[in-house]
Amino acid sequence: MSKATEHDQNKVRILIVDDSDNLRIVIRRYLEKAQTREYQFIFFEAANGQEAEKVLQVAAAMNEAIDVVFLDWMMPTMTGKDLLEKIRSIELFKEYPSVIMLTAETNSEQINVCLKYNVAKYVLKPFTQEILASVLYEVLAGKSDGGIRYAV
Amino acid sequence: MPFEFVNQNDYILVKLSGECLGGEKPGVGDVMTQVLNDTKIKLFIFQASECSTITGAFLREMTLGYRALKAVNGQVRFVGGIPAVVHQIVSNGLDRIFICKMSLKGALIDFGLAKQKDFDVNVINPFLNATIKVLKIQCFLEAKPGKPTMKKPTDPLLLGDVSGIISVVSETFNGSFAISLSEAIFCGISKNMLGEDCPAITEKNVDLVGELANMILGQAKVELGQLGYAVQMAIPSCVWGKDHKIKHFGGGTCVVLPFETEIGTFYSEVMTSNAAINQIMKKAG
């Protein structure tokens, strides 16, 4: 389980980072359907790495740290990989939040680059609602093994 | 004999087979010189895909033929060799003379003989399969491919109302991919994905088609990788409006792939840049 969920078992703060407005909506809709009595999700959104960094900083400053980030790879201004590199160099974000990369990047060498930044899971686009829900719950259960999931 | 010289009009194809040990009578270098003198063709391609062994002695005899070729500014390429064969060439310091290429196509491009036919049709299927997969999984839309057609690379007109375009960049293959949708299909896909009605294409929702292009390229990358094309990801762009136009990157061969769905026809375009390929191959050579 991620750090922030320890302070409130029912609330999971999820940051969705994707430059596509539509994809953010799709991800959010899929995750909304996956809510249970045990876990209620609070959503935050960012269109690029720079915006996401601000959300992470502000949320942490308000003692409402983000638990899980769904992070796109290819984005203008600051890519998902650049954001990972940056936040993992900050003490506060070295371990948390848990990051689920959600990317069309299928090159295993490129994906492996992200492993060193403590990525919990990879989900390859296109994805299904079932895949998003299952990786989220695996991460919330502490199974952050950097495993790759894809729809067939 | 472990070698056969075949006149291909523009170049001589030397097919190597089995064990190329050297000491053959006549030797490979002697035949090479003879063929050069008889045909005046200065481009030789050694095809070694059927060759299991090549010795230093055989390579030395090849260099005799190369000397005659060099005197008339000819060139040699060596293609399809198994690693042990290529290693033998490199370890004998001959890789600068017998420049190794992965494929016959690569050698022909090097010689400037593949300008009109260097579009590798094999790159189409990865995009076709990826389009079907992405539409099915992400958009809940079954798409059946129709008959591909060629389009003039100078023709910028797309057949839909909205298009997502993304560059396709690799060490050996450059170009671009576009997916072009009618407004009806765009709105249908949007409804399927977002679960609410989409009355029209707008500035707010148009990025959806770019995201589709991005996902299709990502999926196509897997199959392209199996074909030896290590494609890089890129950021897509979107264009829309009646009779909208796009300019594919490069300006090479363009194939249009039609797809039938229950809500109409849409199109994908795959374009490869000949200029880019030639430039890259020259650099590699």
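# Report on a predicted two-chain model

## Burial and a buried salt bridge

A residue is called buried when its relative accessible area is under 20%, exposed when that area is over 50%, and partly exposed in between. The structure described here is a predicted model. By this definition, both B:R77 and B:D110 are buried.

The side chains of B:R77 and B:D110 form a salt bridge, with a distance of 2.6 Å from N to O. This pair joins distant parts of chain B: B:R77 belongs to strand β4 (residues 75–79), B:D110 belongs to helix α4 (residues 104–110), and the two are 33 residues apart.

## Salt bridges within chain A

Over all chains, the structure holds 14 salt bridges. One of them connects A:D21 with A:R24, whose closest N and O atoms are 2.9 Å apart. Both residues lie in helix α1 (residues 21–33) of chain A, where they are three residues apart, or about one turn of the helix. Which of these two partners is buried, and which is partly exposed? A:D21 has a relative accessible area of 26% and is therefore partly exposed. A:R24 counts as buried because its relative accessibility is 11%.

A second salt bridge in chain A is formed by A:E53 and A:K86, with the closest N and O atoms 3.2 Å apart. Here the pair links distant parts of the chain, since A:E53 is in helix α2 (residues 49–61) and A:K86 is in helix α3 (residues 80–88), 33 residues apart. With a relative accessibility of 13%, A:E53 counts as buried. A:K86, in contrast, has a relative accessible area of 38% and is partly exposed.

A:K121 is part of strand β5 (residues 121–124) of chain A. Its relative accessibility is 4%, so A:K121 counts as buried. What does the side chain of A:K121 make a polar contact with? The partner is the side chain of A:E138, at a distance of 2.9 Å.

## Aromatic pairs in chain A

The count of aromatic pairs over all chains comes to 12. Among them is the pair of A:F41 and A:F43, which is edge-to-face: the ring centres are 6.2 Å apart and the angle between the planes is 80°. A:F41 is buried, with a relative accessible area of 8%, and A:F43 is buried, with a relative accessible area of 13%.

A:F41 also pairs with A:Y137. Why is this pair described as tilted? The ring planes of A:F41 and A:Y137 stand at 45°, with the centres 6.2 Å apart, so the pair is tilted. It links distant parts of the chain, for A:F41 lies in strand β2 (residues 40–46) and A:Y137 in helix α5 (residues 129–140) of chain A, 96 residues apart. A:Y137 counts as partly exposed because its relative accessibility is 22%. Ring pairs join A:Y39, A:F41, A:F43 and A:Y137 into a cluster.

## The interface between the chains

The size of an interface is often given as the accessible area lost when the parts come together. Between chain B and chain A, the buried area is about 2,000 Å², and carbon and sulfur atoms give 57% of it. In terms of residues, 22 of chain B are in contact with 22 of chain A.

How many salt bridges are counted between chain B and chain A? The count is three. One of these joins B:E211 to A:K125, and the closest N and O atoms of the two are 2.9 Å apart. Across the interface there are also 10 residue pairs in polar contact. On the side of chain B that touches chain A, the elements that give two or more residues are α5 (124–139), α6 (183–194) and α7 (207–226) of chain B. The largest share of this side, nine residues, comes from α7(B). By residue type, the side of chain B that touches chain A divides into 11 nonpolar, five polar and six charged residues.

Definitions and conventions. Residues are numbered from 1 along each chain as its sequence is written. Chains are lettered from A and ligands numbered from 1 in the order in which they are written. This is a predicted model: local features need pLDDT of at least 70, side-chain atom pairs count only at pLDDT 80 or more; totals for chains, interfaces and linings use all residues. Side-chain values use heavy atoms; hydrogens and water are left out. Helices (H or I, at least four residues) and strands (E, at least two) are DSSP runs, numbered from the N terminus. Buried means under 20% relative accessible area, exposed over 50%, partly exposed in between (1.4 Å probe, protein chains only). A polar contact is a pair of N or O atoms within 3.5 Å; within protein, one must be able to donate a hydrogen and the other to accept it, and residues adjacent in sequence count only if both atoms are side-chain atoms. Contact means heavy atoms within 4.5 Å. Buried area is the accessible area (1.4 Å probe) that two parts lose on being put together, summed over both. A salt bridge is a side-chain nitrogen of Lys or Arg within 4 Å of a carboxyl oxygen of Asp or Glu. Ala, Val, Leu, Ile, Met, Phe, Trp, Tyr, Cys and Pro count as nonpolar, Asp, Glu, Lys and Arg as charged, and the others, Gly among them, as polar. Rings of Phe, Tyr and Trp (its six-membered ring) pair if their centres lie within 6.5 Å; planes under 30 degrees apart count as stacked, over 60 as edge-to-face and the rest as tilted.
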